[in-house]
Amino acid sequence: METKLARISQLSKENPDMVFTSLGHLINKEMLENCHVQMDGTKAVGIDGVTKEEYGRNLEENLEALIESLKKKSYKPKPARLVEIPKDNGKMRPLSIYCYEDKLVQEALRRILEAVFEPMFYDEMMGFRPNRGCHKAIRKLNIMLERKPTNYVLDADIKGFFQHLDHEWIVRFIESRIKDPNIIRLVRRMLKAGIMNNYEFEATEEGSGQGSVCSPIISCIYMHYVLMWWFKEVVTPMLKGYAGLVVYADDFVVTFQYKSDAVWFYEHLKHRMGHFGLSLEEEKSRLIEFGRYAKERCSKSGTKPGTFTFLGFTHYCSKSKNGRFRVKRKTSKKKFAKKCREINQLMGHMKTWKLKEITAKLNQILTGYYHYYGITDNTERITAFRYHVMKSLFYCLNRRSQKKSYNWVEFLNMIDNSYPLVRPRIYVSVYN
């Protein structure tokens, strides 16, 4: 099966105009068994309450019935269970929890869509793609800011991206490369499956549920046609100077040499988004002066160069030790504050734990934090986070009894000698 998908991917890469008309047969027992083996069994269950373990007890029978329903075109995914989690801005993010069998079909569909569309995506698209990630997106952006004639940056935010994806446009984009009616039928039924919200069914007329296995590749396809392809093939040839774009899921940054190009693009971007059912978050989208000569121009007008936030980092203009222009970045205030609040809440839950267990958990958190935020020039912020963890632990231990257990010096000696907390380390260089 992997060989067949690899062959499809190769054909798609070698023939950009090729349209695939027969792919539905690939969703067979072999592929679904493979999807089952690789599926994460620890995820939350859908409305039917079936876990991976339960489904696997009668795997042969279940897959035979599923294959039969797919062949008869009678397969209909069950509604997703809606849960909401808090966002950084205080609002709630809706998550769709799908039934296990529907996840299997989604995973099979994702593999086929990825095989066809992944070869046609541009390098500047970084989110939800194999062998790419946040740090590669930042490296790409760093080249655009430091080595290209960038003078202006457009930091844009799409309002409710996943909730407002237009179903008809999704189908039309997929049909540009896949004309198999079986695949298109599955895509439509998946999108229209609906959700269960407080035990009440709600139809889904737009959007692709966050939590769907297929949502990441669908979002990439959507952004490819709506933004990336348009920018590369239509916009860039019309501009007077340099322009660059980096996209991570629904988050993107555009760099420009000339302000007139940036203003023109921003206005056309609003119309472009509106045409495809999307809109920009005006309060979060802004055009700033940024780059090698921004400080000189801003000093003449009595202002400071702007900063912008991308993928949890605040990017700002600075200089290297030898006085050359450098873009530096640090953990954004919002992300830093959110993580500190999470640590404080966690300490409340762990106050009855043994000290060895607490420090083991904190070291696990710190290591994960350093792996993401331990990036060039961010030593100060990751050190500050470790200090906050230490203070939170200090207060937690002293609240265990009416009498204070430690003074600060004794606490530091204990941390250094008996229960050490992982020290900050830079794991990622933006220049590699």
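Student: Are the residues of strand E6 (residues 243–248) buried or exposed, and why is that strand described as enclosed or open?

Tutor: Some ground rules come before that. This is a predicted model, in which local features need pLDDT of at least 70 and side-chain atom pairs count only at pLDDT 80 or more, while totals for chains, interfaces and linings use all residues. Residues are numbered from 1 along each chain as its sequence is written, and side-chain values use heavy atoms, with hydrogens and water left out. Helices (H or I, at least four residues) and strands (E, at least two) are DSSP runs, numbered from the N terminus. Buried means under 20% relative accessible area, exposed over 50%, and partly exposed in between, with a 1.4 Å probe and protein chains only. In E6, six of the six residues are buried, so the strand is largely enclosed by the rest of the structure.

Student: Which residues cover each face of E6?

Tutor: One side carries Ala 243, Leu 245 and Val 247, and the other carries Gly 244, Val 246 and Tyr 248; all are buried.

Student: How do I read the pairing of strands, and what is the strand order in the sheet?

Tutor: Strands of a sheet pair through backbone hydrogen bonds, either parallel or antiparallel. Two strands count as paired if DSSP finds at least two bridges between them. Here the order is E6-E7-E3-E8, an open sheet of four strands with antiparallel pairing. E6 and strand E8 (286–289) are at the edges with a single partner strand each, so one side of each is left without a neighbour in the sheet. From one strand to the next, the twist averages 15°.

Student: How many bridges join E6 to strand E7 (residues 251–256)?

Tutor: Six bridges join these antiparallel strands. Val 246 has Val 253 as its bridge partner in E7. The two strands form a hairpin with two residues between them, and Ala 249 in the turn has a positive phi of about 55°.

Student: At what angle do H9 and helix H10 (residues 259–275) cross?

Tutor: Their axes come within 11 Å and cross at roughly 140°. Angles under 35 degrees count as roughly parallel, over 145 as roughly antiparallel, 65 to 115 as roughly perpendicular and the rest as oblique, and H9 is oblique to H10. The residues in this contact include Val 226 and Leu 227 of H9 and Met 273 of H10.

Student: Where is Met 273, and what does it touch?

Tutor: Met 273 is found in helix H10 and counts as buried at 0% relative accessibility. Not counting residues up to four places away in sequence, Met 273 touches Ile 158, Val 226, Leu 227, Phe 252, Leu 278, Ser 279 and Leu 280.

Student: How many salt bridges does a search of the whole structure find?

Tutor: A salt bridge is a side-chain nitrogen of Lys or Arg within 4 Å of a carboxyl oxygen of Asp or Glu. The search finds 18. In one of them, Arg 129 and Glu 118 have their closest N and O atoms 2.7 Å apart. Both lie in the loop between helix H5 (100–117) and helix H6 (134–146), so the pair ties together parts that are eleven residues apart in sequence. Arg 129 is buried at 8%, and Glu 118 is buried at 14%.

Student: Why does the pair of Lys 232 and Glu 124 tie parts together?

Tutor: Their side chains meet in a salt bridge (3.0 Å, N to O). Lys 232 lies in helix H9 (residues 215–235) and Glu 124 in the loop between H5 and H6, so the parts that the pair ties together are 108 residues apart in sequence. Lys 232 is partly exposed at 30%, whereas Glu 124 is buried at 15%.

Terms used. Axes are lines fitted to C-alpha atoms, for helices over the stretch in contact, and angles run from 0 to 180 degrees between N-to-C directions. Contact means heavy atoms within 4.5 Å.
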